Amino acid sequence: LLLLSGCRGNKLPDGMDEDSVSSAGLAVMSQLTKGEYETVYDALREDVREQTSADAIRTMMETAAEGRGSFKKVKDSMVTGEPHGIAVIRAKYDKKSVIFRIAFDTEMHLIGLDVRGK
């Protein structure tokens, strides 16, 4: 994750498109950086939504961005596949970066979020 630009991740599952995963991931990241936690929570696939809450998503974001100041821009991103598609985005804040890993199933339902300070 140190240098994402130019990196290629694992192959996406059949039927998934790199541009779709990337743009969907960037859209979710944008919602998270704007504090739209309920919107992100509502977008989660139902079975995943049952395992978390909008408050848990808020806490994850606050913990990841703590002491980093305000979101500035996306530094770089990549898409990788596992049994699903994951957009990995490095976002620049005032101080240091935050890494977003946003996972989608093969039908492009949001199924996972992992946000950590770098």
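Which backbone atom lies 2.8 Å from a polar atom of the side chain of T80?

1. The atom is the backbone nitrogen of N10. A polar contact here is a pair of N or O atoms within 3.5 Å; within protein, one must be able to donate a hydrogen and the other to accept it, and residues adjacent in sequence count only if both atoms are side-chain atoms.

2. This is a predicted model, in which local features need pLDDT of at least 70, side-chain atom pairs count only at pLDDT 80 or more, and totals for chains, interfaces and linings use all residues. Residues are numbered from 1 along each chain as its sequence is written, and side-chain values use heavy atoms, with hydrogens and water left out.

3. T80 belongs to strand β1, residues 71-81. Strands (E, at least two residues) and helices (H or I, at least four) are DSSP runs, numbered from the N terminus.

4. The relative accessible area of T80 is 8%, so T80 is buried (buried means under 20%, exposed over 50%, partly exposed in between; 1.4 Å probe, protein chains only). Leaving aside residues up to four places away in sequence, T80 touches G9, N10, L12, G85, I86 and V88, where contact means heavy atoms within 4.5 Å.

5. K96 sits in the loop between β2 (85-93) and β3 (97-104). Its phi is positive, about 70 degrees, although K96 is not a glycine. K96 counts as exposed because its relative accessibility is 59%.

6. M108 is found in the loop between β3 and β4 (110-117). M108 is not a glycine, yet it has a positive phi of about 65 degrees. With a relative accessible area of 28%, M108 is partly exposed.
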